[in-house]
Amino acid sequence: MEIGVLRRDGRTDPFFDGTARDRLVIRRCAACDRWFAPDQAGCPECGAGELEWAEAAGTATLVTWTVTHGRPAADGTAPPPAFLALVELTEGPWLHARLDGIDPAALREGLPLRARFRHPGAGESYVLFGPEG
């Protein structure tokens with residue numbers, strides 16, 4: 001199942017600049033040293049209005065997941081299933097992510113994961129998570 005072409009907007013430039021360099025960049029509050037998902041606008045902990053972009057470790061654990069199956073083509077062939085997940089980054093934020101290179105039998109809560117990056121021919125680079133190691 002294809003992800004499609006991702007396009008940046010003015011708010012996501014630092015995130016996609018990071019993925020283009022194989023780096024996971026998320027939001028961080030410099031005032032209280034808390035980390036947030038890339039779409040966080042302000043700090044709910046201390047009320048700071050500005051969050052900086054900072055490089056995360058790129059490691060996470062699996063919180064939960066689901067498997068989606070694409071519609072078969074006219075010839076009856078079906079695309080491979082997609083594994084969609086909620087992962088908890090080492091820094092604390094949770095991200096919606098797609099899993100890559102996963103053995104379905106190995107899926108379990110707490111599975112250690114590592115960020116992987118894809119660089120499609122069109123659109124922005126993006127992050128997936130696969131088994132660590």
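**Core, pocket and an aromatic pair**

Leaving aside residues up to four places away in sequence, Leu99 touches Leu62, Trp65, Phe83, Ala85, Leu107, Leu113 and Phe129. The model is a predicted one, and Leu99 is a handy place to start looking at its largest nonpolar core. That core counts 23 residues, and those that touch the most other members are Leu24, Leu62, Val87, Leu99, Leu113 and Phe129. At least two core residues come from each of H1, strand S4 (59-68), strand S5 (82-89), S6, strand S7 (112-118) and S8.

The largest pocket has a volume of about 530 Å³. Its lining is made up of 21 residues, with Phe15, Phe16, Pro38, Leu95 and His96 the closest to the centre. Two or more lining residues are given by each of helix H1 (13-20), strand S6 (94-99) and strand S8 (126-131). S6 gives the most, with five residues. Sorted by class, the lining holds 14 nonpolar, three polar and four charged residues.

Two of the residues closest to the pocket centre, Phe15 and Phe16, also turn up in the one aromatic pair that the structure holds. The ring centres of Phe15 and Phe16 lie 5.2 Å apart and the planes meet at 80°, so the pair counts as edge-to-face. Both Phe15 and Phe16 are buried.

Notes: Residues numbered from 1 in each chain as written. Predicted model: local features only at pLDDT ≥ 70, side-chain atom pairs only at ≥ 80, totals over all residues. Heavy atoms only, no water. 1 Å grid on protein atoms, 1.4 Å probe; cavity = no way out; pocket = protein on both sides within 12 Å on 5 of 7 lines; lining within 4 Å. Points joined across faces, edges and corners; volume = space filled by probe spheres on them. Helix = DSSP H or I, 4+ residues; strand = E, 2+ residues; numbered from the N terminus. Nonpolar A, V, L, I, M, F, W, Y, C, P; charged D, E, K, R; others polar. Core = buried A, V, L, I, M, F, W, Y, C linked by side-chain atoms within 4.5 Å. Buried < 20%, exposed > 50% of the residue type's maximum accessible area, 1.4 Å probe, protein only. Contact = heavy atoms within 4.5 Å. Phe/Tyr/Trp six-rings, centres within 6.5 Å; stacked < 30°, edge-to-face > 60°.
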